Amino acid sequence: MRRLIASTFASLDGIMQAPGGPEEDPAGGFTLGGWMFAFRGDESMDISASGFDGKDRELVLGRKTYQIFEAYWPSQPDDNPIAKTFNSTKKYVASRSLTTLHWNNSTLLHGDVVSALVALKAQPGPDLQLIGSGNLIQSLQPASLIDEYNVWTFPVVLGRGKRLFGEAARPSALRLVRSEVSTSGVVMSTYAPGGDIQLGTFPSA
């Protein structure tokens, strides 16, 4: 069975909305789009190390992330390795509103997204890479369909905005697989599901 690997950028308080620019996703009156900008020159942040480049994987995207990618990556030079990968690989898009896709090798996931991902993971092929797509992560996490999380936590506090895990998240433990800190203080961590949360209590004094 194929693994589904989610990769995302998040603030210290768990906000993942619009890291790349002010116009990326201003929904809900979010005014801090582009909060990653100050870290753009940190060469110690290896995109490929945590799967953000999608290499050797097929992409799974929510509607908003798909539209951002579709507007950007096809127009990038052929010698850009990420553009080359994203443009050529298969892409599966979860959307209730889109009816046609214009980016090559893109397929709409029809019907219930959880059922669609269960079927997709059961098919032969490379692992599946989910990038950004916060609403999709929040739909798949309660169904325990995500096999690995690559979370880059940036040293900023945003206060409000779309969060990585919402109120509907299934309570569960995560196991830290590896972690690295960039020169600018970004904590690049990989987690695997760790089963149920083990509860307990400290002994009384």
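Which residues of helix 3 are buried? They are Val113, Ala116, Leu117, Leu120 and Lys121, where buried means under 20% relative accessible area, exposed over 50%, and partly exposed in between (1.4 Å probe, protein chains only). This is a predicted model, in which local features need pLDDT of at least 70 and side-chain atom pairs count only at pLDDT 80 or more, while totals for chains, interfaces and linings use all residues. Residues are numbered from 1 along each chain as its sequence is written, and side-chain values use heavy atoms, with hydrogens and water left out. Helices (H or I, at least four residues) and strands (E, at least two) are DSSP runs, numbered from the N terminus.

- The buried residues of helix 3, Val113, Ala116, Leu117, Leu120 and Lys121, cover an arc of only 130° around the axis, which puts them on the same side of helix 3. The arc is that of the directions from the helix axis to the C-beta atoms.
- Among the elements that cover the buried residues of helix 3 are strand 1, strand 2, strand 3, strand 4, strand 5 and helix 4.
- Ala116 is placed in helix 3 and counts as buried at 15% relative accessibility.
- Not counting residues up to four places away in sequence, Ala116 touches Leu109 and His110; contact means heavy atoms within 4.5 Å.
- In helix 1 the buried residues are Thr65, Tyr66 and Phe69. They cover an arc of only 100° around the axis, and so they are on the same side of helix 1.
- Strand 2 (58-62), helix 2, strand 3, strand 4 and strand 5 are what the buried residues of helix 1 pack against.

**Nonpolar cores**

- A nonpolar core is a set of buried Ala, Val, Leu, Ile, Met, Phe, Trp, Tyr and Cys residues joined through side-chain atoms within 4.5 Å.
- The largest nonpolar core has 22 residues, of which Leu4, Val60, Leu117, Leu130 and Leu140 touch the most other members. Two or more residues of this core come from each of strand 1, strand 3 (91-94), helix 3 (113-122), strand 5 (128-131), helix 4 and strand 6. Helix 3 gives the most, with four residues.
- A second, separate core of 15 residues includes Phe9, Phe30, Trp35 and Trp152.
- Leu140 is in contact with Leu4, Val113, Val114, Leu117, Leu130, Leu145 and Ile146, leaving aside its neighbours within four places in sequence.

**Largest pocket**

- The largest pocket has a volume of about 1,600 Å³. On a 1 Å grid over the protein atoms alone, a pocket is an open set of points where a 1.4 Å probe fits, with protein on both sides within 12 Å along at least five of seven lines, and lining residues have an atom within 4 Å of a point. Grid points are joined across faces, edges and corners, and the volume is the space filled by probe spheres set on the points.
- Its lining has 49 residues, and Glu24, Thr65, Phe69, Gly132 and Ser133 lie nearest the centre of the pocket.
- At least two lining residues come from each of strand 1 (4-11), helix 1 (63-72), helix 2 (81-88), helix 4 (134-140) and strand 6 (148-154). Helix 1 gives the most to the lining, with six residues.
- By class, the lining has 24 nonpolar, 16 polar and nine charged residues. Ala, Val, Leu, Ile, Met, Phe, Trp, Tyr, Cys and Pro count as nonpolar, Asp, Glu, Lys and Arg as charged, and the others, Gly among them, as polar.

**Positive phi**

- Ser133 is not a glycine, yet has a positive phi of about 55°. Ser133 lies in the loop between strand 5 and helix 4 and counts as buried, at 6% relative accessibility.
- Asn105, also not a glycine, has a positive phi of about 65°. Asn105 is in the loop between strand 3 and strand 4 (106-109) and is partly exposed, with a relative accessible area of 40%.

**Strand 6**

- Trp152 is in strand 6 and counts as buried, at 2% relative accessibility. Trp152 and Glu180 are 28 residues apart in sequence and 9.5 Å apart in space, C-alpha to C-alpha.
- Thr153 is in strand 6 and counts as partly exposed, at 23% relative accessibility.
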